[in-house]
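Morning, everyone. Please look at the screen, and I'll take you through the two chains and the space between the atoms.

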Amino acid sequence: MPEFQSIGEMVAAGTLLLGSLLMFLAAVGVLRLPDLPTRMHASTKAGSLGAALTIIAVAVFMPEIPVIARAAATVVFLLLTAPVAAHVIGRAGYFVGVPLWEGTVKDALAEQYDFKTQKLGSGREGEDEEESGEVEGEESEVLEVSESESEVSESESEVSESEPVAEDSEDSEAEEVSEVEEDSEADEGSEPERDSEGSEGSGDSKKKDVTSEVAEA
Amino acid sequence: MPELITTIAFAILMASLIMVVVRLMLGPTLPDRVVALELIAAIVVGLIATYSIATEVASFLDVAIVMALMAFLAAIGFARFLEEGGARNA
């Protein structure tokens, strides 16, 4: 058994080992979990807490004012920046079109963005339309009392879907993109994931261009 | 601090570093690699803290602060690079 010279050393040893084990846990999670958000879930929380605990161990081991001040500054900085960095990377990854795990139950952000801003060009338009249809059906079930109102809203939504001429061009654009996707996948079947991602990315930029044109018009 | 404790901590941190480097090599997408890089920076901060305890030199904490700062800036930079349209899948 190791011999400690003081209680502070024991506490420092415990915090150090706990922090190392937490970072080990984060590393296992990053290596084993299936997709980007779950990996970030492992690395952000366990990783930053582990680093903070090891630095706290330094402060406990050497209880002098300069050391404690620097350790506190480092811990505060870590705990402030880890969520920001995780948010920014997760946002970028989602919009770039990193594929989610095939066992994903619900992609709430896709529904949200399709509901508010028509299209986001994330490469799963068909699923989005089905999901939004389900949502409308649920709403009509809930609002059975005001059936006429729900009918009006449905007709309005139909009008808003068919109304603008620019959106038709957008749809044709999307169809072209999907054709391109199929072609590329047929050409290079060795790495279907990457191919679909690449075509999604090009579709992304094309649709962004179209939406900017619509905004200018 | 007994040498055994710091040795165990070093071993655990090195093992986790190796696992994260494996994830960094595997990818499969650029955001995955950025996440791995961020965790590598956090583990290096832990290594520096452990080394600071093992050698009883408190000045290494400054290195840890700089490491954390650089990791944060790198993450922000990579995210902006991705959203503004850089290489998507490399």
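First, a term: a helix here is a DSSP run of H or I with at least four residues, and helices are numbered from the N terminus. With that, read chain A from the N terminus: α-α-α-α-α-α-α-α. That is eight helices and zero strands. Keep in mind that this is a predicted model.

Some totals for chain A. It has 217 residues, and 34% of them count as buried. Its accessible surface is about 13,100 Å², with 57% belonging to carbon and sulfur atoms. Take the contacts in chain A with a separation of 6 or more: residues 24 or more positions apart account for 58% of them.

Now chain B. How many helices and strands are there in chain B? Three helices, zero strands. From the N terminus, the order is α-α-α. Chain B has 90 residues, and buried residues make up 50% of them. The accessible surface of chain B comes to about 4,000 Å². Of that surface, 74% belongs to carbon and sulfur atoms. Among chain B contacts between residues at least 6 apart in sequence, 57% join residues at least 24 apart.

Let's walk along chain B. Helix H1 covers residues 3-26, which is 24 residues. At 1.5 Å a residue it should span 34 Å. Which residues of H1(B) are buried? Among them are B:Ile5, B:Ala9, B:Ile12, B:Leu13 and B:Ser16. B:Met19, B:Val20 and B:Arg23 are on that list too. Here is a general point about helices. An α-helix has 3.6 residues a turn, so residues three or four places apart point the same way. What covers the buried residues of H1(B)? The cover includes H1 and H2 of chain A, together with H2 of chain B. After H1(B) comes B:Gly27, with a positive phi near 85 degrees.

On to H3(B). It also has 24 residues, and it reaches 35 Å from its first C-alpha to its last. That is close to the expected 34 Å. Its buried residues include B:Leu61, B:Ala64, B:Ala68, B:Phe72 and B:Leu82. The buried residues of H3(B) pack against H2 and H3 of chain A, and against H2 of chain B.

Next, one residue on the chain A side. A:Leu36 lies in helix H2 of chain A. Is A:Leu36 buried or exposed? Its relative accessible area is 4%, so A:Leu36 is buried. Leave aside neighbours within four places in sequence. Then A:Leu36 is in contact with A:Gly93 and A:Val98, and with B:Pro31, B:Asp32 and B:Val35. A:Ile89 is 53 residues away from A:Leu36 along the chain, yet their C-alpha atoms are separated by 9.6 Å.

Last topic: empty space. Rolling a probe the size of a water molecule over the atoms shows where empty space is left. The count comes to three cavities of 30 Å³ or more. The largest cavity has a volume of about 200 Å³. It is lined by 15 residues, and the closest to its centre are A:Ser48, A:Leu78, A:Ala82, B:Glu38 and B:Ala42. Which helix gives the most to that lining? H2(B), with five residues. H2 and H3 of chain A, and H2 and H3 of chain B, each supply at least two residues. By type, the lining divides into nine nonpolar, five polar and one charged.

That's my tour. Thanks.

Notes
Residues are numbered from 1 along each chain as its sequence is written. Chains are lettered from A and ligands numbered from 1 in the order in which they are written. This is a predicted model: local features need pLDDT of at least 70, side-chain atom pairs count only at pLDDT 80 or more; totals for chains, interfaces and linings use all residues. Side-chain values use heavy atoms; hydrogens and water are left out. Buried means under 20% relative accessible area, exposed over 50%, partly exposed in between (1.4 Å probe, protein chains only). Contact means heavy atoms within 4.5 Å. Accessible areas come from the Shrake-Rupley method with a 1.4 Å probe; for residues, only the protein chains shown count as cover. On a 1 Å grid over the protein atoms alone, a cavity is a set of points where a 1.4 Å probe fits but cannot get out, and a pocket is an open set with protein on both sides within 12 Å along at least five of seven lines; lining residues have an atom within 4 Å of a point. Grid points are joined across faces, edges and corners, and a volume is the space filled by probe spheres set on the points. Ala, Val, Leu, Ile, Met, Phe, Trp, Tyr, Cys and Pro count as nonpolar, Asp, Glu, Lys and Arg as charged, and the others, Gly among them, as polar. The expected span of a helix is 1.5 Å times one less than its number of residues.
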